[in-house]
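Subject: Handover of the structure

Hello,

Please find the structure below. My notes on it follow.

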Amino acid sequence: MLDNTLTTREEIRDLGLRTEEMVLNMGPQHPSTHGVLRLELVLEGEIIRKVIPHIGYLHRCFEKHAENESYTQVIPYTDRLDYLASINNNHGYALGIERLMGIEVPERVEFIRVIMAELQRIASHLVAIGTYGMDIGAFTPFLYCFRDREHILDVFEKTCGARLLYNYIWIGGVSHDVYPDFVKDVADIVKILRPTIKELNDLLNYNKIFIDRTANIGILPADVAINFGCTGPMLRGSGVDFDLRRDDPYSIYDRFEWEVQVGKGEMGTVGDCWDRHMVRVWEMEESCKIIEQALESFPEGDVQSAIPRRVRPPKGEIYVRVENPRGELGYYIISDGTGTPFRVKGRAPGFSNLSVINEISKGYMVADVVAILGSIDIVLGEIDR
Amino acid sequence: MSIPPENKKYELTFWEKIYIPELVKGLKLTLEQLLEKKFTRQYPEERWVPPPSFRGRPVLALEENGVERCVACGLCSRVCPALAIEVQAAETELEKERYPDLFEINMLRCIFCGFCEEVCPEEAIIMSDEYELAFSSREEAIFGKDKLLMPVDKLRPRLNYLHSQY
Ligand code: SF4
Ligand code: SF4
């Protein structure tokens, strides 16, 4: 259908009529920009010629703050990067400092961290899937997703006392040990989640209207994805089989059996919005598998024994990367041997993922921008930092 | 410019073309939900009681004899990542020798991290279970001792929880 519009444009020119490009601002207060993001759309009629994202509305100087706080005090700030995946952010930062200082973390801590990180991944994907449905016009799945996310947040709350910004994973350990019923509660969550995934498939993912809006839209070829540094479901949606949990294993991810899910172009072309969306749905199932295996061999022990009394890493620098629900979250930490970091640089997956939007939106309709942006699943907190 | 290919792999069946079965599928789920247990809470009427692990607004513990536990060591204000706490010490006749003459927490800055509670040697600053924080001006959001002091009895569940942890 888009081919027709192109010829129409030529026809209009032939008729001697004047055509003009128009600039349309979408955001910063637009409900489907998922936060405060402004997209400058250059349009020709309804066809998109260019998308220029303008970021920075949520800038809170994370990196500068980190230079003025002690190593432990930075942890609550890492929570606020990607506020839908706080645990994963904590995890990456703590791993970095632990590697700098050469701390061995107890077995139980590793298990708790992995379980929490995977629960967080599911919670984050549930938000991504729910809000994406809402962007496209399906309101109900959003409510179901939030209902089930609530169970996960309840577990977090009972464990560490917060529902969104946990400050849970500390350098060398975790802030609180899990409560007695933890294993049972988490096992229950997994049991609740499986039907939800099925429900989502029935209601949203294989719905004809949804497929029409997302399949063959915003196609991101694998080479473009790699060139732009896209990671996470964005990269895997394009069919690239890459996941840091498997390919650069950290913590104890190498002990579990699970699969990296990639987009296969089932409904359209590999790398379209539907693929990216479905990678998230499938990943929830994989996370469930990891959690189940971790629960089976959940060890006893002290969770705070390895927490150093004072955090003073030796001079040096390190780059750590972890698989955040949105992709590769990296921290580049330079220590000058004092109690405050010399530099903490965050590599936000959302930033690279968003940068490709111009490439993948050209030639589509205005309404498709919403579908494309939603499928990138950005969190402005980490993009603006 | 990329021109998207036609949607070739997914051919519509007759039933899908008329959209009605898809709508019915969705409606069926909605109707099923009607019979399920309610998940939501009627908030202002039905109040939520947080578990003892919950980190609400930080408060200062007030002993039964009307003396606050705090000895104005200033550790909490040093460790606070958001620089929300201000403590000014003064001398006292009591056994603890020092007490906070001024103790202010700026609730606009506090990020509920719980570091102050963690570091306090006297268990004097404690995360309470209060979560309703609304102010109409910035001045109102700076909580002085009048708003921060809370009888120890009310903080028992949290204290017990903390003792079970460490
Ligand atoms: S509340 Fe605790 S840490 Fe803070 S000044 Fe008082 S005694 Fe020290
Ligand atoms: S909870 Fe954290 S931010 Fe709030 S006063 Fe205590 S240390 Fe400061």
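I begin with A:Asn88, which lies in helix H4 (residues 86–101) of chain A; helices here are DSSP runs of H or I with at least four residues, strands are runs of E with at least two, and both are numbered from the N terminus. This is a predicted model, in which local features need pLDDT of at least 70 and side-chain atom pairs count only at pLDDT 80 or more, while totals for chains, interfaces and linings use all residues. Residues are numbered from 1 along each chain as its sequence is written, chains are lettered from A and ligands numbered from 1 in the order in which they are written, and side-chain values use heavy atoms, with hydrogens and water left out.

Helix H4 of chain A

A:Asn88 counts as buried because its relative accessibility is 3%. Buried means under 20% relative accessible area, exposed means over 50%, and partly exposed is in between, using a 1.4 Å probe and protein chains only. Not counting residues up to four places away in sequence, A:Asn88 touches A:Ala117, A:Gln120, A:Arg121, A:Val322, A:Glu323, A:Asn324, A:Pro325 and A:Leu329; contact means heavy atoms within 4.5 Å.

Of the 16 residues of H4(A), 14 are buried, so the helix is largely enclosed by the rest of the structure. Its end C-alpha atoms are 23 Å apart, which agrees with the 22 Å that 16 residues should span at 1.5 Å a residue. The expected span is 1.5 Å times one less than the number of residues in the helix. A:Gly102 follows H4(A) and has a positive phi, near 70°.

Helix H12 of chain A

Helix H12 covers residues 273–296 of chain A, and its 24 residues should span 34 Å at 1.5 Å a residue; the end C-alpha atoms are 36 Å apart, which agrees. H12(A) is largely enclosed by the rest of the structure, because 19 of its 24 residues are buried.

Two loop residues of chain A

A:Asp377 lies in the loop between helix H15 (366–376) and helix H16 (380–384). Is A:Asp377 buried or exposed? With 5% relative accessibility, A:Asp377 counts as buried. Leaving aside neighbours within four places in sequence, A:Asp377 is in contact with A:Ala128, A:Arg280 and A:Arg326.

A:Arg163 is in the loop between helix H6 (140–160) and strand E4 (169–170). A:Arg163 is partly exposed, at a relative accessible area of 23%. Apart from residues up to four places away in sequence, A:Arg163 touches A:Glu150, A:Leu153, A:Asp154 and A:Glu157. The side chains of A:Arg163 and A:Glu150 are joined by a polar contact of 2.3 Å. A polar contact is a pair of N or O atoms within 3.5 Å; within protein, one must be able to donate a hydrogen and the other to accept it, and residues adjacent in sequence count only if both atoms are side-chain atoms.

Positive phi values

Most residues other than glycine have a negative phi. A:Cys61 has a phi near 55°, a positive value in a residue that is not glycine. A:Cys61 sits in the loop between strand E3 (47–54) and helix H2 (62–67) of chain A, and at 35% relative accessibility counts as partly exposed. A:Ser251, also not a glycine, has a positive phi of about 50° and is found in the loop between helix H11 (244–247) and H12 of chain A.

Ligands and cysteines

The residues around ligand 1 include B:Cys70, B:Cys73, B:Cys76 and B:Cys120; a residue is near a molecule if one of its heavy atoms lies within 4 Å of it. The shell around ligand 1 divides into eleven nonpolar, one polar and no charged residues. Ala, Val, Leu, Ile, Met, Phe, Trp, Tyr, Cys and Pro count as nonpolar, Asp, Glu, Lys and Arg as charged, and the others, Gly among them, as polar. B:Cys73 is partly exposed at 40% relative accessibility.

Around ligand 2 are residues including B:Cys80, B:Cys110, B:Cys113 and B:Cys116, and the shell there has nine nonpolar, one polar and no charged. B:Cys113 is buried, at 10% relative accessibility.

A:Pro76, in helix H3 (residues 75–79) of chain A, is in contact with B:Pro81, B:Ile111, B:Cys113 and B:Phe115, among others, leaving aside neighbours within four places in sequence. A:Pro76 is buried at 1% relative accessibility.

A search of the whole structure finds zero disulfides over all chains, a disulfide being a pair of cysteine sulfur atoms within 2.5 Å.

Regards
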